[in-house]
Amino acid sequence: MHKPIYFDYNATTPLDSEVLEGMLPFLQNHFGNPSSTYSVGYYAKEAIELARQNIADLIGAENGHIFFTSGGSEANSTILKGIAAKSSKKKHIITSAIEHPAILKTCHYLEKHHGFEITIIPANSAGIIDVDDIEKAITNKTALVTVMMVNNEIGSIQPIKEIGSLCHKHNVHFHCDAVQAVGKIPFDLNNLQVDSLSISAHKIYGPKGVGCLYLREGINIPPLIHGGSQEKGMRSGTENVAGIVGFGIAAKLAQEKMHYNFTRIERLRSLFLDKLHSEIDDFSINGDIYANVPSTINVQFSGIRGESLASMLNELGICVSIASACSSTSSKLSHVLKALGKTDDEIRSSIRVSIGALTTEDEINELVRHLKHSVMRLRSFSPKYQILV
Ligand SMILES: Cc1ncc(COP(=O)(O)O)c(C=O)c1O
């Protein structure tokens with residue numbers, strides 16, 4: 001099989017070779033259990049603490065406030081269920097219509113099984129929520145507001161600073177899912193009134209199955225997983241040492257390369273859009289492209305099915321995501337595109353292209369060449385398109 005041309009960096013990223021190199025010794029020689037009281041164990045423990053420091057530096061946190069988890073989903077569940085467990089009187093959660101299922105499904109679980117009331121804040125056509133809507137929704141029963149920093153499907157950036165100030169004014173916990181923001185846009189927790197934040201390593205060229213939860217000083221919640229009291233009792237279970245080491249290196253590299261990658265990706269996005277405009281008719285971008293992170297482009301091609309287009313591209317060795325589905329394993333239409341006000345037909349004719357650090361100009365040219373051909377072919381079979389033109 002030829003090396004695929006990869007345009008799905010929001011789904012996951014390839015492991016950076018420096019990350020792999022740093023991890024390997026911890027899968028072989030340095031295999032100690034970090035809780036052991038002899039040198040092989042200490043060595044693993046030290047490596048974990050170094051990784052914790054790198055991640056804290058990346059987001060402007062103190063290292064003692066980072067708790068390793070198995071990824072973004074676990075970090076989100078830990079905080080949502082943890083806050084819920086502590087809140088016997090305040091049983092109201094506010095979230096947005098465009099959150100990742102790791103947040104939305106946890107909210108629905110808390111609604112169904114623990115009597116929480118959930119308020120879902122709508123997004124505008126650019127996929128951005130209005131801070132005033134959150135203010136109107138806050139009551140004296142609100143335990144938590146949870147809003148993502150960057151959306152995974154369209155790349156819209158939320159007004160996190162304003163939401164944080166609002167929540168603090170009302171004394172409400174503010175959680176932010178920053179899985180798609182870290183390494184893509186710079187932010188410093190010292191300037192944001194965020195109480196907790198989730199990160200995942202595999203979105204920043206680190207390994208899968210590792211992430212972390214940041215908890216601001218003074219925030220105490222019960223753990224999701226009980227046992228040997230690793231991670232100061234916040235997350236029991238023998239640590240994924242190699243994974244954590246890889247995460248730490250990925251965080252360090254993300255910090256060093258953030259500006260370079262951002263500018264490069266912005267240039268590649270312009271190239272992609274220019275080429276699309278010159279080569280293909282009748283397409284539009286979902287959301288407001290210039291209000292988004294440059295790495296995510298959600299495109300709608302009228303008269304075709306995004307699913308068929310993605311499948312044709314796959315046969316040509318090009319990986320893009322089907323924007324219409326809530327997840328690759330679900331046939332439910334994307335709740336994010338719905339929240340933007342898109343019709344079912346518009347959602348079904350969309351795909352998501354996400355660009356990353358390894359994307360090249362040649363790959364963009366190849367993508368547009370194949371897109372043009374595939375879109376034309378699909379439109380030639382499409383009675384709907386014949387009617388449209
Ligand atoms: C915004 C967002 N939150 C959470 C997650 C879940 O992260 P993980 O795969 O590490 O569980 C993802 C993964 O796609 C995501 O995009």
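How many bridges join strand E10 to strand E13, and in which sense do these strands run? In this predicted model, five bridges connect strand E10, residues 296-301, with strand E13, residues 350-354, and the two run antiparallel. Within this pairing, asparagine 298 has arginine 352 of E13 as its bridge partner. Both strands belong to an open sheet of four strands, arranged in the order E9-E10-E13-E12 with antiparallel pairing. The edges of this sheet are formed by strand E9 (283-285) and strand E12 (321-322), each of which pairs on one side only.

A further open sheet comprises seven strands, in the order E2-E8-E7-E6-E5-E3-E4, and its pairing is mixed. Its edge strands are E2, spanning residues 66-69, and E4, spanning residues 117-121; each of them pairs on one side only. Cysteine 176 is placed opposite leucine 197 in E7.

The model also contains a ligand, which is surrounded by 13 residues. The closest of these are Gly72, Ser73, Asp177, Ser200 and Lys203. Helix H3, residues 72-86, supplies three residues, the largest share of the shell around the ligand. Classified by residue type, the shell consists of nine polar, two nonpolar and two charged residues.

Individual atom pairs describe how the ligand is held in place in the coordinates. For glycine 72, a backbone N or O atom lies 2.8 Å from an oxygen atom of the ligand. For serine 73, the N or O atom concerned is in the side chain, and its distance from a ligand oxygen atom is 2.7 Å. Of the 390 Å² of accessible area that the ligand has on its own, the protein covers 86%.

Key. Residues are numbered from 1 along each chain as its sequence is written. This is a predicted model: local features need pLDDT of at least 70, side-chain atom pairs count only at pLDDT 80 or more; totals for chains, interfaces and linings use all residues. Side-chain values use heavy atoms; hydrogens and water are left out. A residue is near a molecule or strand if one of its heavy atoms lies within 4 Å of it. A polar contact is a pair of N or O atoms within 3.5 Å; within protein, one must be able to donate a hydrogen and the other to accept it, and residues adjacent in sequence count only if both atoms are side-chain atoms. Accessible areas come from the Shrake-Rupley method with a 1.4 Å probe; for residues, only the protein chains shown count as cover. Ala, Val, Leu, Ile, Met, Phe, Trp, Tyr, Cys and Pro count as nonpolar, Asp, Glu, Lys and Arg as charged, and the others, Gly among them, as polar. Two strands pair if DSSP finds at least two bridges between them.
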